[in-house]
Amino acid sequence: MDSSANTNKALTDKRFSDLKPPLSDVIIEALEQSGFEFCTPVQATTIPLLCSFKDVAVDAATGSGKTLAFLVPLVELLRRLSSPKPYQVLGVIISPTRELSTQIYNVAQPFVSTLPNVNSVLLVGGREVKADMKIIEEEGGNLLIGTPGRLSDIMERMDILDFRDLEILILDEADRLLEMGFQKQVNYIISRLPKQRRTGLFSATQTEGVEELAKAGLRNPVRVGVQAQSKSESSNELTNSKIPSGLHLEYLECETDKKSSQLVDLLIENADKKLIVYFMTCASVDYWGLVLSKIPALESITLIPIHGDMKQNARDKALASFTEVSSGVLLCTDVAARGL
């Protein structure tokens, strides 16, 4: 890998190999194989804290590199433990949507695979809970990654799972967990876990509910606020923003009756790119998926709808299709608003 200085403005000059306490060689190798050499600000700040057995409450934008900020230290903490028994749960990661949980699970695999005898399990809705129970019974479950509903359901049903030696709990997109009505399930999960653990709470916004969750679930947490600094175009003053510095934002003002034609124009202008278009409701996604597919000027553009009312198999296929295509449009609700 090129050892020259980092030129990506979204990253710091801090390499993963320079972090203290130092990361394991196998983790550095896994990071490099995935194309990661330099840390984002949230990674440079959070990884050393969690690796030093600190609880953290992290306020950082979606797209700032939070997933690696908790996966890397989680794996490092588990590496320090003796080889677990099949049903000994050492880590739990909770996120608000099936798609985000699936993404976290997939990103985790190259790192979890470096741990001997540690099995990670994805637990999300949309499929029979008995199928998940069978997987755990047959293969074990040391790291549970999933949505609050399915995780709490599994914990209620499976007395075989042992949480007494749990090392770390991660609450990802905590504000969305509460906005989507998962507070009861999250509280139940926390109540089943030992108090002597590490906890990381990650949120794009700090609400009263998130603050209450932090008080209930974290012990003397270190507060991490990662904000990108940028210069305002109209002045030389530095302004704080929760927009990742590698992300370019634009907006277009138009009259209500012109929105449809403006959308079509934007899709045509960016036909060679991958776009995500957000709609307010599931019905709107279905409607516009049908309408846009009938417009001759868009017939060469791949349109992929995804929303919460679709069956899980269809949602998985839609996300996989969008990942694989070199250009196309994902039509979605806020089910895809975080982390994708």
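Select T147, which is buried (under 20% relative accessible area with a 1.4 Å probe, protein chains only; over 50% is exposed, and partly exposed lies in between), at a relative accessible area of 7%. T147 sits in the loop between β4 (143–146) and α6. Helices (H or I, at least four residues) and strands (E, at least two) are DSSP runs, numbered from the N terminus. Beyond its neighbours within four places in sequence, T147 is in contact (heavy atoms within 4.5 Å) with S95, P96, T97, R98, S101, L123, V124 and G125.

This is a predicted model, in which local features need pLDDT of at least 70 and side-chain atom pairs count only at pLDDT 80 or more, while totals for chains, interfaces and linings use all residues. Residues are numbered from 1 along each chain as its sequence is written, and side-chain values use heavy atoms, with hydrogens and water left out.

Next, select α5 (residues 129–139) together with α6 (residues 148–157): their axes come within 11 Å and cross at roughly 60°. Axes are lines fitted to C-alpha atoms, for helices over the stretch in contact, and angles run from 0 to 180 degrees between N-to-C directions. To see the contact, show V129, D132, M133 and I136 of α5 with R150, D153, I154 and R157 of α6.

L330 in β12 is the bridge partner of I304.

Conventions
Pairing = 2+ DSSP bridges.
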